[in-house]
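Before you read further, please look over the model shown below.

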Amino acid sequence: MPRIKIDHTKCTGCRHCETACSLNHVANTVNPRRARIRVMKEEDQYFPVIAGPFVDAACTSKQTIVIGNQTYDMCALCRASCPQKPYFIEAETGIPLKCDFCGIPPNPSCVRWCNTGALELVED
Amino acid sequence: MDGCIGRYLRVNLTEGKHRIEEIDPRLLEKFLGGRGLGVKVFTDEVDPQTDPLSPDNKLILASGPLVGTGAITGASCNVITRSSLTKTLACAKTRGHFGAELKFAGFDMVIIEGKAETPVILSIIDDKVRILPALEYWGRSTAETEDLFKKNLGDPWVARETFLVSIGPAGERLLPLANVVNDRYLSVGGAGTGAVMGSKNLKAIAVKGRHSLHVADGNRFVQVVNTMINKLNSAPLASQSMTQWGTAFLVGLCYQKGILPQNNFRWASLSLKNVGTEALNSAFVLRARGCFACPVACIKKTVVKHPTYQGKGMVPTYLAIGALGVNCGISDLSAIGMASMLCAEMGLDPVAAGGALATAMELVEKKVLSPEELKIDLRFGNAEILIQALRLIATKKGHAKRLGQGGKALAESSGRPDLFMGVKGLSLAPFDPRAIQGMGLHFATSNYGPHHLYANTFFDELLNVHENLDPWEIDGKPGLVKRYQDTSAVMDSLGLCNWPLMGLKFNNYVPLVNSCLGTSYKADDLLLIGERIWNLERVFNLSAGFNSSHDTLPDRFTKEPISDGPAEGQISRISEMIPEYYHLRGWNEKGEPPPETLKALELENE
Ligand code: SF4
Ligand code: SF4
């Protein structure tokens with residue numbers, strides 16, 4: 001099964017992936033807030049996060065994750081679109097957003113515009 | 001026009017009121033947006049004689065039509081005002097994400113008028129425009145301002161998507177060397193703009209929003225962007241050198257050609273083993289950061305860990321290494337990195353501040369000024385003192401007040417105006433104009449003072465990207481300068497960064513523009529718009545008191561040949577080039593655009 005492999009150490013935070021996604025899903029329209037991939041900035045790192053399934057209730061506990069000597073908020077890195085977080089919700093309609101691999105055969109637009117190798121389409 | 005939001009925000013700080021206005025589509029057609037539109041509105045509304053620091057001066061922030069659309073490097077927002085340093089029109093460019101966010105916040109442009117009674121921050125977040133009290137921010141560095149503002153927002157999700165431009169202590173103190181800084185650590189490169197913002201008591205502008213941008217022909221646009229990314233990747237300078245080291249890779253090349261100035265433009269070949277790309281690799285951990293939608297990512301962030309110098313911020317660019325380092329006799333990269341981070345935090349312009357320090361150093365060396373008079377022991381090569389001096393300048397402490405007025409004022413008040421290496425009050429960007437003739441001509445004639453970003457002639461003169469030109473020759477240079485000046489006016493107006501022109505031709509941009517904006521421009525149409533903008537700026541400067549006598553370089557460049565290094569013996573020949581340049585621009589011998597030229601550019605009513 002093809003997957004998108006994310007290497008956050010290569011990500012420059014340019015958010016070209018967000019524009020690509022939005023253009024591909026809403027005709028002639030660019031709006032990062034309507035994209036199914038968002039680039040989260042946590043401390044000095046960028047984490048591309050691809051929208052996963054919708055959950056109708058937020059987690060009851062907060063989680064943090066420690067990488068090296070930095071602590072990150074798991075909510076920011078989480079893929080779910082959830083009532084707690086204003087991401088992956090279509091701004092105009094309130095419909096939750098989920099990555100659909102840009103249709104079949106998978107040719108994700110975000111991967112195409114990511115020039116750094118942070119996003120890569122791999123085959124298992 | 002597609003790409004644009006079509007609205008701008010007018011904020012009057014004296015009255016504490018704001019108004020949303022529609023942009024006249026005819027203006028967009030004629031001036032594109034960004035720099036062009038900003039300059040048009042500014043020159044329409046502000047008297048050229050206005051004191052830059054008076055409430056009558058305005059500050060305009062304008063994002064071009066391609067900004068935020070996903071057009072590669074569509075990221076820059078222009079900051080337009082009358083500079084308090086040069087007294088000319090100033091146009092600085094933000095990089096990073098501020099420009100795009102301004103559009104998502106729902107505006108192509110913000111016009112700031114008047115003066116607030118007490119310090120304020122303008123917040124444009126999710127369609128709410130507010131003028132917030134900012135006393136608690138006053139006195140803070142740009143980075144602290146941004147952190148505190150985001151903390152005060154109270155919602156980390158909102159904070160994550162909010163972007164700021166701000167001024168540091170230098171701008172608050174109205175120093176002519178002050179700059180505006182955006183996205184925490186990016187200097188916009190327009191000395192004097194920070195002081196104008198400070199004079200309005202405006203500490204920062206914050207933006208965030210969720211507006212959509214419309215692209216005329218999405219399918220075609222996506223294809224064009226794909227092609228451009230591929231083209232860029234096959235150009236080694238843009239895709240490898242820039243991506244690896246940022247503009248700092250130019251240091252070695254300029255040094256080899258005798259273009260990199262040392263010790264206030266007096267030498268070119270003092271041994272410099274410490275500032276090349278290898279040294280950069282060992283001094284810093286380089287992490288690439290891109291502006292919005294940029295496949296190049298020339299911004300390098302780092303943490304400096306050095307026994308004496310420590311800090312977090314940007315790896316110095318070519319500009320910082322030249323102006324704050326080599327031209328002050330310093331080649332310790334950690335120290336230069338520290339100095340450049342300090343400039344960003346304090347809101348000082350690195351070129352103008354470095355230039356002022358280099359001038360002071362030469363004045364001291366020539367015994368015109370004594371270290372006692374300056375109360376600081378400035379000497380070429382002493383990095384620690386340089387860093388100390390930058391702090392003092394920004395906080396206006398001690399006798400650094402004199403330094404803070406800039407190199408020109410310092411040299412003049414010391415009776416040696418000839419030791420200031422600048423044009424129209426702004427210190428030269430670190431390119432010795434004797435060794436790169438086209439750049440010299442641009443420095444002499446630029447509307448914004450001698451800054452290389454308004455005509456990247458070195459792409460051809462030094463890097464031979466599109467044309468193979470000899471930097472020491474003057475043949476064809478006036479045409480080259482005009483072409484690059486106009487090109488940069490177009491790129492700035494569209495909101496694009498100039499650096500990818502290191503790998504792409506200007507023609508490659510035409511389909512990008514048309515598919516995005518729904519226009520049918522040809523390359524020449526766009527360049528004509530660039531020429532129109534350049535002339536409009538020129539007309540403003542002429543009414544502001546400038547004339548052909550200001551299109552010149554310091555005597556050092558026209559009378560003293562380079563004394564050493566690969567370009568030894570070269571001298572700037574601008575006086576031979578200027579008549580042809582005026583002629584190509586359709587100006588008279590006094591450097592003024594006559595009515596027929598203005599008419600041809602549809603500027604007759606300006
Ligand atoms: S396009 Fe690639 S490098 Fe740019 S933000 Fe997205 S994942 Fe990161
Ligand atoms: S080339 Fe550099 S300055 Fe230009 S848009 Fe890209 S990262 Fe920004």
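This is a predicted model: local features need pLDDT of at least 70, side-chain atom pairs count only at pLDDT 80 or more; totals for chains, interfaces and linings use all residues.

1. B:Glu365 belongs to helix 14 (residues 350–365) of chain B, while B:Arg266 sits in the loop between helix 10 (250–256) and helix 11 (277–283) of chain B, so the pair ties together parts that are 99 residues apart in sequence. B:Glu365 is partly exposed, its relative accessible area being 41%, whereas B:Arg266 is buried at 15%.

2. A second pair is formed by B:Arg35 and B:Asp492, whose closest N and O atoms are 2.8 Å apart in a salt bridge. Because B:Arg35 lies in helix 2 (residues 34–45) of chain B and B:Asp492 in helix 21 (residues 477–494) of chain B, this contact ties together parts that are 457 residues apart in sequence. Both B:Arg35 and B:Asp492 are buried.

3. The side chains of B:Glu172 and B:Lys203 also meet in a salt bridge, with 2.6 Å from N to O. Helix 6 (residues 169–172) of chain B holds B:Glu172 and strand 12 (residues 202–208) of chain B holds B:Lys203, so parts 31 residues apart in sequence are tied together. B:Glu172 is buried, with a relative accessible area of 10%, and B:Lys203 is buried as well, at 0%.

4. Over all chains the count comes to 45 salt bridges. One network of salt bridges links residues of chains A and B, among them A:Arg15, A:Glu18, B:Glu101 and B:Lys208.

Key: Residues are numbered from 1 along each chain as its sequence is written. Chains are lettered from A and ligands numbered from 1 in the order in which they are written. Side-chain values use heavy atoms; hydrogens and water are left out. A salt bridge is a side-chain nitrogen of Lys or Arg within 4 Å of a carboxyl oxygen of Asp or Glu. Helices (H or I, at least four residues) and strands (E, at least two) are DSSP runs, numbered from the N terminus. Buried means under 20% relative accessible area, exposed over 50%, partly exposed in between (1.4 Å probe, protein chains only).
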